[in-house]
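Here is a short tour of one protein model. Keep the sequence and the 3D view open as you read.

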Amino acid sequence: RKIEKLPQATELANLRQEIEQLKGQLERKIEKLPQATELATMHQETERQLKQFEQMTPDLHQQAYKNHSLKSTDELLITAQQIVPVEVILAHFETHKKSEKHWFSTPFYSHPAGYKLCLSVMANGHGSGRGTHVTVSVHLMRGEFDDDLKWPFRGDVTIQLLNQLEDKGHHEKTIHFTNTLPDDATGRVTAGDRAAGWGIKQFIHHHELEFNCTHHCQYLKHDSLRFRVSNIQLMIEVVPFHIVLTDLDKITAEVWYSDPFFTHPQGYRLCLSVRMNEVGNSGLVTVGKSHTSASTGLSVYINILQGEYDSCLAWPFQGYVTVRLLNQVDKKKNVERTVQFTDKGSSGDNFEFFANERVEKVKGYETSEFDMPYDELKRNFVTNGSLHFEVTAVKILENSKGRSLKCLYLFC
């Protein structure tokens, strides 16, 4: 008992207890060792599979890029960043200037389910701009929605070289795709990924790129240029949409509606409506403008209807709709007017006007004037009690809210 009371004995007892505790912990760790080894093996296998997937990813992206059979927005994800207006950056300007090769931007779209395009830049210029200017071109690309679009491509593409000091003073020019351009620049791309480009050889002089203290402007900064495709306005001649108003003599104060039609696939839904009024003593008939006086014989309206694609379109609708009243005696004497939808008119959303069971809610309408004697209308424009109209073109403009709208074609 005296020995057990010695300080050394107490220390030995404490050490023995600590050793037993450590021994127990070691045994428990040894018991778990096979599981730890198995987990380590699984981790190594996961790492190996992850590396294989990373190696496959570029191939998968390439395969998806080459798959041009996708037709619907449900099947293809196009982010808002890919739809005009878009911005692209050309880095390493001096390197591109020395190489004298084309630099191509990432693709973008004119509008949802629209044309696919890209920019190309030659930093040291091309043709008349070689060695002195930057050359900028636009290329059509093979797109996912080409089957539903009108060809050849016609329109204006507005490009801005951005002032990198502040959001003003940008250098802006427009590239025009007209009917005088070659087919390899405006036609549908069927071979390769993109068409021959069309652009401006002298887009901007090299001297203008540097800092300008007078205008507080600098386009070339950190060896980079920033471009913005600010707007694409399509201008396409369309096949006329023919409308026949039958039984003209039976129409009094009631409104006659044409069948609905669309400005383009997945576009605005419109219809033509006609109202016959009493002809006054003046003997004039006005087609297109509603009056309360008795001097008006016929009023014609372009109506905006509720459509299947309204949630994907910009509102209010703004643009021009061209209507032609066909002369049944002499085709050279057809009467044509353009109905203009502006932000001052009734082209806005949720506007209720006359409607019947043939069409759903009318969201807006506009008119234009056709003035002629009533007997001339009956003699030259009415045949078998019917009037014949054609909606020949629809041009959609950029609206007052700054949202970029496009000029689209009629789907007939």
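Start at L119. Leaving aside residues up to four places away in sequence, L119 touches V88, W103, F104, S105, F108, V136, S137, V138, I159, F227 and V229. Contact here means heavy atoms within 4.5 Å.

This is a predicted model: local features need pLDDT of at least 70, side-chain atom pairs count only at pLDDT 80 or more, and totals for chains, interfaces and linings use all residues. Residues are numbered from 1 along each chain as its sequence is written, and side-chain values use heavy atoms, with hydrogens and water left out.

L119 also belongs to the largest nonpolar core, which has 38 residues. Such a core is a set of buried Ala, Val, Leu, Ile, Met, Phe, Trp, Tyr and Cys residues joined through side-chain atoms within 4.5 Å. β9 gives the most, with five residues. Apart from it lies another core of 30 residues, among them V300 and F389.

Now compare two buried residues. Buried means under 20% relative accessible area, with a 1.4 Å probe and protein chains only.

| Residue | Strand | Relative accessible area |
|---|---|---|
| H388 | β21 (residues 386-396) | 16% |
| R269 | β13 (residues 269-276) | 10% |

What does the side chain of R269 reach? It reaches the backbone oxygen of Q306 at 3.0 Å. H388 touches residues including H242, R324 and T383.

Definitions and conventions: Helices (H or I, at least four residues) and strands (E, at least two) are DSSP runs, numbered from the N terminus. Buried means under 20% relative accessible area, exposed over 50%, partly exposed in between (1.4 Å probe, protein chains only). A polar contact is a pair of N or O atoms within 3.5 Å; within protein, one must be able to donate a hydrogen and the other to accept it, and residues adjacent in sequence count only if both atoms are side-chain atoms.
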